[in-house]
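Here is my notebook from a walk through this model, in the order I looked things up. Keep the viewer open and follow along.

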Amino acid sequence: MRLLLVEDSDRLQELLGETLRQAGYGLDVVGTVAGMLESAATVSYDLLIVDLGLPDGDGLDAINALRTQGFVKPILIITARGSVHERISGLDSGADDYLPKPFNHGELLARVRALLRRPGDLSGPVLRVGSVMVDEAAAEAHSGGKLLDLRLSERRLLLVLMRRAGAVVAKASIESALSEQGRELSSNAVEALVSRTRKVLVESGADVSIETVRGVGYALKPMPK
Ligand code: CA
């Protein structure tokens, strides 16, 4: 596993670098937005850990830019900006998780492990979470062998949630992921898609459900047993 740490503080570069390397990860460290964009374009990382206050720009804009370019691997934000509003902007920018500074290094490693467990890679044609399987090539979704009666937009919604399974996906990210060029999707449309997809999952007896995280977005989670 190879990670990229984007952090401009020498002290944190050293401390976090030691923690991550000792945990067995291959690690590259850069201290600027320019360094982050260049490294992410040249090396295939499994995860990015990104500080937001960087000398040549804002980490949020850099994350947004990477996602727009199709970067699909998990991104964990580490920052001193810890208000709820700031966490929401972080997730909206396309990050998968958010760890406010100061944090415990054990918690950092736990978040990294959790993010690396997720199916973050979009290149595989079949995505599986719990009993639910979506075959992008065949444009079909199944749960426990049964075909799910989902329309194209609902399958796409399910894919967006499955790619970040377990994490909260901001409503705005879903809107932009599902909007066709020149055709914006309204926030009500997302709600309607979620509601119908959720119903199909429940009726099929799937072992995952779409949870609403009020004011933030949605998360695909295993059903409580
Ligand atoms: Ca900083």
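**Entry 1: the parallel sheet**

I began by asking which partner in E3 is bridged to Val6, and the answer is Val50. A reminder before going on: this is a predicted model. The two strands behind that bridge are E1, residues 2-6, and E3, residues 47-51, and they pair in the parallel sense over four bridges.

Next I traced the whole sheet. I found an open sheet of five strands with parallel pairing, in the order E2-E1-E3-E6-E7. Its edge strands are E2 (26-30) and E7 (97-100), each pairing on one side only. On average, neighbouring strands here are turned by 20° against each other, direction ignored.

I then followed the pairing onward from E3. Four bridges join E3 to E6, and the two run parallel. Val50 turns up again here, standing opposite Ile77 in E6. From E6 I moved to E7: this pair is also parallel, over four bridges, and Leu76 has Asp97 as its bridge partner in E7.

**Entry 2: how enclosed is E6?**

How many of the five residues of E6 are buried? I counted five of the five, so E6 is largely enclosed by the rest of the structure. I checked the two faces separately. Ile75, Ile77 and Thr79 are buried on one side, and Leu76 and Ile78 are buried on the other.

H4 (residues 84-92) lies across E6 (75-79) and E7, and runs at about 145° to E7. H5 (residues 105-117) packs on the sheet as well, touching E1, E3, E6 and E7, with its direction at about 175° to that of E7.

I wanted to know which residues of H2 (33-42) are buried, and I noted Val33, Gly35, Met36, Ser39 and Ala40. They cover an arc of only 160° around the axis, which puts them on the same side of H2.

Turning the helix around, I found Glu38, Ala41 and Thr42 exposed on the face away from the buried side. The cover over the buried residues of H2 includes the strands E1, E2, E3, E4 (53-54) and E5 (57-58), along with helix H3 (59-68).

**Entry 3: the antiparallel sheet**

I moved on to a second open sheet. Four strands make it up, in the order E8-E9-E10-E11, with antiparallel pairing. E8 and E11 (146-147) stand at the edges with a single partner strand each, so one side of each has no neighbour in the sheet. Helix H6 (residues 152-163) packs on this sheet, touching E8, E9 and E10 (140-143), and its direction makes about 115° with that of E9.

Then I zoomed in on the hairpin. E8 pairs with E9 (residues 132-135) in the antiparallel sense over four bridges, and Leu127 stands opposite Val134 in E9. Two residues lie between the strands of the hairpin, and Gly130 takes a positive phi near 55°.

**Entry 4: H7 against H8**

The axes of H7 (residues 171-178) and H8 (residues 187-204) come within 10 Å and cross at roughly 90°. The two helices are therefore roughly perpendicular to each other. I listed who meets whom: Lys171, Ile174, Glu175 and Leu178 in H7 meet Ser187, Val190, Glu191 and Leu193 in H8. The residues of this contact divide into four nonpolar, one polar and three charged.

**Entry 5: Ser209**

My last stop was Ser209, which is found in strand E13 (residues 208-213). Is Ser209 buried or exposed? Its relative accessible area is 17%, so Ser209 is buried. Leaving out residues up to four places away in sequence, I found Ser209 touching Ala219, Leu220, Lys221 and Met223.

Conventions:
Residues numbered from 1 in each chain as written. Predicted model: local features only at pLDDT ≥ 70, side-chain atom pairs only at ≥ 80, totals over all residues. Heavy atoms only, no water. Pairing = 2+ DSSP bridges. Axes fitted to C-alpha atoms, helices over the stretch in contact; angles between N-to-C directions. Contact = heavy atoms within 4.5 Å. Buried < 20%, exposed > 50% of the residue type's maximum accessible area, 1.4 Å probe, protein only. Arc of directions from axis to C-beta. Parallel < 35°, antiparallel > 145°, perpendicular 65-115°, else oblique. Nonpolar A, V, L, I, M, F, W, Y, C, P; charged D, E, K, R; others polar.
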